[in-house]
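Open your viewer and have the selection tool ready.

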Amino acid sequence: MKILFTYYSLDGNCRALAQLMAGAVGGDLAELRLTGGMPTGFVTKFLVGGKRSLMKEVPVLEPLGVNLDDYGLVVIGGPVWAWNISPAVRSFVSSTDWRGRKTAAFVMHGGGKGKALATIKTLVDERGGEVIATADFMDLRQGDAEQTREKALTWIRATVAGME
């Protein structure tokens with residue numbers, strides 16, 4: 001079974017975790033990229049990103065560059081912004097036909113997953129897909145990064161094993 005890890009990562013945290021998990025299960029990677037970009041200044045990114053998340057904005061994404069039909073499992077990952085999913089993840093999940101697809105979802109946060117995983121599950125369910133597993137992980141720059149990595153590896157291996 002082929003596995004695709006789709007993720008949004010402004011600062012590289014979600015990218016690092018997606019790469020780690022993909023490497024452990026032989027998955028492919030596809031980064032969600034905004035056509036207009038995001039500010040990266042320390043304060044600006046929180047203000048702009050938080051506002052966009054709270055307003056449930058759905059920005060335009062660059063083409064993903066892969067065919068989801070080639071994969072038996074699509075893993076969706078991204079950061080928690082203002083207690084919800086990032087606008088890039090919202091755009092991807094709400095614009096994709098999930099009918100008949102198995103998905104898993106993970107989020108990274110600095111202190112709480114908020115309603116991010118529930119939102120992803122609802123959006124996938126509304127579009128005919130099935131979320132078979134979810135997980136939330138601490139930001140790699142906070143707490144015990146090695147523990148977070150181990151938790152992520154355990155989660156993805158168990159998710160994939162449950163599909164075999």
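Here, a residue counts as buried when its relative accessible area is under 20%. Keep that cut-off at hand for this predicted model.

**Stop 1: a buried ring**
Select Phe106. Its relative accessibility is 0%, so Phe106 counts as buried.

**Stop 2: rings that pair**
Begin with Tyr8 and Trp81, an edge-to-face pair with 5.8 Å between the centres and 80 degrees between the planes. Tyr8 belongs to the loop between β1 (3–7) and α1 (13–25), while Trp81 is in strand β3 (residues 73–81), so this pair ties together parts 73 residues apart in sequence. Tyr8 and Trp81 are both buried.

**Stop 3: a charge over a ring**
Select Lys2 and Tyr71. The charged end of Lys2 sits over the Tyr71 ring, 4.8 Å from the ring centre.

**Stop 4**
In soluble globular proteins, nonpolar side chains tend to be buried together. In this model, the largest nonpolar core has 25 residues, and Ile76, Val89, Val93 and Ile120 touch the most other members. Colour β3, α3 (87–95), β5 and α4 (116–126), the elements that give two or more residues to this core. With five residues, α4 gives the most.

Zoom in on Ile120. Leaving aside residues up to four places away in sequence, Ile120 touches Ile76, Ile85, Val89, Val93, Ala105 and Val107. Then look for a second, separate core of 22 residues, with Met21, Ala22, Leu140 and Val160 among them.

**Stop 5: a buried threonine**
Finish at Thr96, in the loop between α3 and β5. Is Thr96 buried or exposed? Thr96 counts as buried, because its relative accessibility is 12%. Draw a distance from the backbone oxygen of Phe92 to a polar atom of the Thr96 side chain: it is 2.6 Å. Beyond residues up to four places away in sequence, Thr96 touches Leu68 and Arg127.

Notes. Residues numbered from 1 in each chain as written. Predicted model: local features only at pLDDT ≥ 70, side-chain atom pairs only at ≥ 80, totals over all residues. Heavy atoms only, no water. Phe/Tyr/Trp six-rings, centres within 6.5 Å; stacked < 30°, edge-to-face > 60°. Helix = DSSP H or I, 4+ residues; strand = E, 2+ residues; numbered from the N terminus. Buried < 20%, exposed > 50% of the residue type's maximum accessible area, 1.4 Å probe, protein only. Lys NZ or Arg CZ within 6 Å of the ring centre and 35° of its normal. Core = buried A, V, L, I, M, F, W, Y, C linked by side-chain atoms within 4.5 Å. Contact = heavy atoms within 4.5 Å. Polar contact = N/O pair within 3.5 Å; in protein donor to acceptor, adjacent residues only side chain to side chain.
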